[in-house]
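Please examine the sequence and the model before reading each solution.

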Amino acid sequence: MELDLTIEKLASDGRGISHHDGVVVFIDKTCPQDIIRAKIVKQNKSYWIGELVEIIEKSPHRVKPFCPMQNVCGACQIQYIDYNYQLECKREIVKDSMREFDIEIEPVEPSPQIKEFRHKIQYPIRQTQVSKRILAGYFKPKSHDIVNIKYCPIQPAICDEIIDYIRETAPIYKIEGYDEKKHQGLLRHVVIRSSAKTGGNLVVLVINSDKIPERIKDFAQKLIDRFDKITGVGVNLNNKKTNLILSDQTKILFGKDHIEEDLCGVTFEIGANTFFQVNPKSAENIFRFVKEYINDNFVKPTILDAYAGISAFGLVMANVAKEVTSVEENPHSVEMAKTTAKKNGITNIKFFCEDSEKFFDTVSEKFDVTILDPPRKGCSEKSLEYALNITKSKIIYVSCNPSTLSRDLKYLTSKGAKIERLKPFDMFCHTTHIENVAIIDVNPNNYKK
Ligand SMILES: C[S@@+](CC[C@H](N)C(=O)[O-])C[C@H]1O[C@@H](n2cnc3c(N)ncnc32)[C@H](O)[C@@H]1O
């Protein structure tokens, strides 16, 4: 069956939403205000799925994607929508996720750059069956087939040069690309952390092995000799059948084990295994927003930075705080955070390498402000319950997943907390991903123990 439909808005996964006879229809690769013809390929009780057959009338918000690979590569799903309108669509997505709360969703803070903004690159490496050419790029949407990307305009140009060199030179060193189905072949991924501050790059070769072969050492030497802008080369040993890119075993073979990045006047060291926001300029907007909020509303508060990574929030907030306590479970990140504190002369911060939930449960102190920045899965109910117990005034919840944020806000508000502000930030341009900062008043008078 084919239908003519008008696209009303975008769903959180980037598909367009329309309605037919009261049934929701999802259609990929469409833009709000497109009038399209769609072939219905799936009919469930509550929704249908359509495939785009033709665009009858283009939305005024459609633009020509600036990347020639946009249509085949899975990385920039909505690059065909003009940037300002992408932001409006994202705000609508957040509004939809938060519809049960009586709050205003503030306008989305744009990313300062919409090209060359991505400073962490993780390319899977494969090889062609017959000619054994190395392939490196992103997966096609909903598949593990690689789009061999020579030019990616959302990352610094040097990353393309490094990847291209690896593609051409690896076979000379008898380094094969990984075969996921057979779990064979040496080179699984190349991860690059590229510094927006210095232009330096830490390159990590992720290999399907439990030891480092000589040919990988020689190849790593070649890489660091070839590029001035490669400041370190390491190897990550990952011989497990897993979708996880990095194991926790990284060894730096040449150069430095980190890159440097500046955030709000603090210089951070970022290693291969440490979490750091992929878009540092946009991240800086978030840090500035949180810092201004704290500075405007408190005089030298005590701050808990939980799910802290390299304690980016804690270290940036330290000069407006009496004392900061930082909790993170990844030991590499905690070590990097300690080094950063030392190098920047920050002394009013304590570090705990621990599970946040455990820490919240056992700590005897209470904090004026608690910053929660958990992974996409959000916080457990226990963590939220404990976080309420140990927070005197505000929880600042930073989230990259509106649906788990909404779930966690539901729990917090059910206990009497009040959402004061919700501000989205665009870190992941040309995708429907969105980062949110929720400021939550713990409101101890209402808090139901
Ligand atoms: C989204 S990142 C945030 C990092 C940091 N706030 C930043 O902005 O760079 C989430 C962090 O939580 C850490 N993490 C995940 N689960 C945790 C847990 N149960 N306890 C403590 N840390 C955890 C991860 O290692 C990661 O560094």
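## Exercise 1: A sheet and its helix

In this predicted model, β21 and strand β22 (residues 435-441) pair in the antiparallel sense over 7 bridges.

**Task.** Determine which residue of β22 stands opposite Lys-423, and what order the strands of the open sheet have.

**Solution.** 
1. Begin with the pair of strands: Lys-423 stands opposite Val-437 in β22.
2. The open sheet has 7 strands in the order β18-β17-β16-β19-β20-β22-β21, and their pairing is mixed.
3. Then identify the edges. These are β18 (349-353) and β21 (418-425), each of which pairs on one side only.
4. From one strand to the next, the twist averages 15 degrees.
5. Helix α9 (residues 402-414) lies across β20 (391-399), β21 and β22, and runs at about 5 degrees to β22.

## Exercise 2: The nonpolar core

**Task.** State how many residues the largest nonpolar core has, and which strand contributes the largest share of this core.

**Solution.** 
1. The largest nonpolar core has 121 residues. Those with the most contacts inside this core are Val-190, Val-203, Leu-205, Ile-371, Leu-372 and Ile-396.
2. Strand β11 (residues 201-207) provides the largest share, 6 residues.
3. Consider Ile-371 in particular. Not counting residues up to four places away in sequence, Ile-371 touches Ile-303, Leu-304, Asp-305, Ala-306, Phe-313, Ile-396 and Val-398.
4. As general background, nonpolar side chains in soluble globular proteins tend to be buried together.

## Exercise 3: A loop residue

**Solution.** 
1. Locate the residue: Asp-210 is found in the loop between β11 and α3 (214-226).
2. Asp-210 and Leu-237 are 27 residues apart along the chain, and their C-alpha atoms are separated by 5.6 Å.

## Exercise 4: The ligand shell

**Task.** Describe how the residues of the shell around the ligand divide into nonpolar, polar and charged.

**Solution.** 
1. There are 18 residues around the ligand, of which Phe-275, Tyr-307, Gly-309, Glu-329 and Asp-373 come nearest.
2. The shell divides into 9 nonpolar, 5 polar and 4 charged residues.
3. At least two residues of the shell are supplied by each of α5 (312-317) and β17 (323-328).

Note on methods
Residues are numbered from 1 along each chain as its sequence is written. This is a predicted model: local features need pLDDT of at least 70, side-chain atom pairs count only at pLDDT 80 or more; totals for chains, interfaces and linings use all residues. A nonpolar core is a set of buried Ala, Val, Leu, Ile, Met, Phe, Trp, Tyr and Cys residues joined through C-beta atoms within 7 Å. A residue is buried if 20 or more other C-beta atoms lie within 10 Å of its own, exposed if 12 or fewer, and partly exposed in between; C-beta atoms are placed from the backbone. Helices (H or I, at least four residues) and strands (E, at least two) are DSSP runs, numbered from the N terminus. Two residues are in contact if their C-beta atoms, placed from the backbone, lie within 7 Å. A residue is near a molecule or strand if its C-beta atom, placed from the backbone, lies within 6 Å of it. Ala, Val, Leu, Ile, Met, Phe, Trp, Tyr, Cys and Pro count as nonpolar, Asp, Glu, Lys and Arg as charged, and the others, Gly among them, as polar. Two strands pair if DSSP finds at least two bridges between them. Axes are lines fitted to C-alpha atoms, for helices over the stretch in contact, and angles run from 0 to 180 degrees between N-to-C directions.
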